[in-house]
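Have a look at the structure first, then work through the points below.

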Amino acid sequence: MTTAIATAGLAKRYGRTWALRDCTVAIPDGKVVGLVGPNGAGKTTLLQLAVGLVGPTEGTITVLGGRPGAGPAQLQLVGYVAQDTPTYPTLSVADHLRMGGYLNRNWDEGLAEARIGRLGLDPAQHAGSLSGGQRAQLALTLAVAKRPEILLLDEPVAGLDPLARREFLQSLMEDVARHGVSVVLSSHLIADLERVCDYLVVLVDSRVRVCGEVGDLLAAHHRISGARRDPRSLPSDHEVIEESHTDRQSTYLVRTAGPILDPAWTVTPVTLDDLVLAYMGQARARDARRPALGLVS
Amino acid sequence: MIKFAWLQFRVQAAVAAGGLVVVAVVLAATGPNLVHLYDTTVAPCAARHDCSAATTALTGTDGPVQVVSDFLVLLIPLLIGMFWGAPLVAREFETGTFRLAWTQGVTRTRWLAVKLGLGAAVGMAATGLLSLMVTWWSSPLDRVRGNLFDPLEFGVRGLVPIGYAAFAFALGLCAGMVVRRTLPAMLAVLVGFFTVREVVTKWVRPNLIAPLHTKLAVTAGSLVGFDETPSGMTVVATTRGILPNSWVYSNQVVDRAGHAPTQAFLNRACPFLTTGQANFQACTVHLAARYHELVTYQPASRYWPLQWGELAIFVALAAALAAGCVWWIRRPVS
Amino acid sequence: MIDFQLDTASGVATYLQLVQQVRQALQLGLLKPGDQLPTAQQVVAKLAINPNTVLKAYRDLERLGLVRARPGQGTFIVGTLPRTDPALQADYLAQMAAWLRSARASGLGPDDIEAIYRTALRACFAEGVA
């Protein structure tokens with residue numbers, strides 16, 4: 001399997017603030033990747049580095065084997081929708097499609113027009129008078145119709161109402177099914193990602209905390225609860241991610257390779273939501289205790 | 001890319017075209033009348049030596065149109081810089097659309113080069129057309145006034161407005177790129193445009209081509225007064241009206257060796273110096289015996305070389321700014 | 001054509017839900033051999049889920065012998081669910097009843113029995129097919 005995005009020690013600093021640090025990942029091709037984390041964690045920075053809008057302070061990043069933004073060939077491979085889905089307010093929907101055709105070699109006009117028609121957008125309407133959901137769909141159309149190999153979407157559903165969000169994800173998944181593009185989708189809302197993502201990257205406070213296939217991650221994490229027990233008494237291959245105790249009961253979210261067979265534990269399923277929240281909590285606690293943090297993966 | 005640049009530019013181009021049409025209509029309606037007036041009243045008057053009435057009548061015709069047309073040629077290059085140049089990149093930063101434009105299938109460098117080229121070309125063409133029309137329309141008046149080298153006049157005729165437009169556009173573009181905000185960039189164009197023009201007008205234009213010198217006899221009409229200097233009094237000669245249609249830099253009263261009249265000489269030759277009663281007739285005879293007027297000037301034939309020279313300077317400035325901008329945009333910054 | 005639903009709160013993996021819904025439809029007679037399943041594109045356009053999930057579910061169904069994918073045409077129902085032998089069912093029911101009587105006699109209550117059952121069930125089916 002080829003690598004969609006490969007980084008090595010990637011870091012970006014704005015002034016005195018590090019937006020991204022020690023980022024070393026190898027995101028495989030052909031996946032729908034969820035890039036999750038709280039606001040300000042570095043998701044936008046990582047995507048902007050991948051598309052060549054900003055340059056790294058340290059380290060390297062390659063996207064589909066090439067340097068981001070290096071020449072028309074590389075630019076054709078990557079489709080990008082920025083946060084707030086910028087469009088030209090004074091240009092009409094049809095003008096935007098024309099722009100796509102003028103600026104992209106592989107522009108698929110039929111696909112673009114079919115998509116606009118399916119979405120019910122009026123080609124003559126100025127983009128400035130579209131609703132947020134419609135603008136997001138227009139921006140996604142522009143990104144998809146240039147027939148890239150990878151789509152990078154920065155919080156595309158953040159400002160949308162639930163119906164618009166659902167429609168956006170439906171369109172996106174349909175495009176993935178039809179054209180087989182890889183997608184990297186960043187969000188601080190996890191609920192939507194759970195149904196569409198098969199690969200996960202969790203970013204908290206400018207560092208990657210966990211990174212892997214969703215199926216593998218969910219299989220390797222368990223929530224166990226039972227009688228009050230000290231974490232040190234757990235088997236050595238159980239890595240504690242999150243713990244909570246009452247006077248009688250302990251509940252742990254652990255990462256372990258095999259199934260939990262100890263009958264003393266009640267095992268409940270872990271959702272992606274639980275997993276991400278647990279890692280976010282762990283990150284915060286660790287950063288508070290020890291500022292220098294290694295990669296957890 | 002050129003088609004996309006046109007797509008974004010079409011409104012501005014339409015406004016420019018519309019404006020030019022309006023100007024053309026007004027000038028075409030009033031221009032022939034001026035030519036007719038000149039041919040019938042001013043041309044024959046030279047033989048009769050009583051031109052003042054005819055010239056006054058001619059220069060007073062269509063006063064508002066004169067003012068507005070000169071004003072337009074003065075201002076259009078600045079407006080091109082402020083409203084076409086400054087927002088070109090700055091607006092994209094302000095609205096975030098650069099994140100859309102720079103992630104399509106063309107590099108930033110190409111994007112900027114094409115938009116820059118289109119804006120500059122249309123701006124220069126529009127300004128050139130405007131200047132052409134106004135220069136043609138004003139030619140009877142300019143012939144009568146003979147003041148084409150006048151600092152303000154020189155800048156609103158002929159070729160130089162084209163250079164100003166290119167420069168203002170490039171200045172606005174660069175300011176917008178660096179500052180990333182339209183309004184401050186527009187302000188920078190305003191300040192930069194007038195500053196550079198002032199500098200060129202005062203210090204560069206006079207030195208572009210070495211001026212000529214000529215000697216004239218001292219006449220009473222050309223002596224205008226006395227001036228107090230650290231080394232004593234000197235006599236002052238006028239620069240106006242002595243060489244028609246020329247640009248007179250200075251008119252000095254000097255002797256064959258190049259020295260100005262001494263204080264002692266002036267006290268003897270022009271005794272009213274101390275009494276304050278001006279009577280240059282007596283003065284003149286004494287001065288003319290030893291002194292002549294040394295005039296430093298550019299003849300009328302130097303008009304177009306100076307126009308081309310200044311055009312070249314501003315186009316070179318614009319090109320340097322443009323090259324700098326295209327180089328700057330390669331830096332990957334957010 | 002079957003209309004898939006998704007229950008996000010159930011804790012059951014999405015692809016498993018799709019497999020179960022096909023099996024239930026077969027059991028209820030809503031799907032018969034020869035019927036076509038919706039394409040991955042159609043499913044994700046409605047449910048907004050990852051296409052790989054649909055493909056995984058269809059692969060599982062193919063491994064179970066219930067469907068076959070015909071390249072360029074789609075995925076079609078080919079099999080039926082094996083009807084479990086009623087005699088076999090009755091036999092195991094009797095065995096379970098005996099076991100339950102024994103457990104109850106030893107003092108285990110319904111909740112204890114349920115816990116034991118769930119642990120055993122999980123361990124038994126933890127590896128392998130759903």
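Chain B splits into two parts: domain 1, which covers 2-208 + 302-328, and domain 2, which covers 212-298. Keep in mind that this is a predicted model. The centres of those two domains of chain B sit 40 Å apart, going by C-alpha atoms.

**Inside chain B**

- Where domain 1 of chain B meets domain 2 of chain B, 5 residues of domain 1 are in contact with 5 residues of domain 2.
- On the domain 1 side of that meeting point in chain B, you'll find 3 nonpolar residues, 1 polar and 1 charged.

**Which chains touch?**

- There are 2 pairs of chains in contact, and the pair sharing the most contacts is A and B.
- Chain B and chain C, on the other hand, do not touch.
- If you look for the spot where C-alpha atoms of chains B and C are nearest, you'll still find 26 Å between them.

**Where chain C meets chain A**

- Here, 16 residues of chain C are in contact with 17 residues of chain A.
- Three helices of chain C each give two or more residues to the side touching chain A: H2 (40-47), H3 (51-63) and H5 (110-125).
- H2(C) supplies the largest share of that side of chain C, with 5 residues.
- Sorted by class, the side of chain C that touches chain A holds 8 nonpolar residues, 7 polar ones and 1 charged.

How values were computed:
Residues are numbered from 1 along each chain as its sequence is written. Chains are lettered from A and ligands numbered from 1 in the order in which they are written. This is a predicted model: local features need pLDDT of at least 70, side-chain atom pairs count only at pLDDT 80 or more; totals for chains, interfaces and linings use all residues. Two residues are in contact if their C-beta atoms, placed from the backbone, lie within 7 Å. Helices (H or I, at least four residues) and strands (E, at least two) are DSSP runs, numbered from the N terminus. Ala, Val, Leu, Ile, Met, Phe, Trp, Tyr, Cys and Pro count as nonpolar, Asp, Glu, Lys and Arg as charged, and the others, Gly among them, as polar. Domain bounds come from an automatic or database domain assignment.
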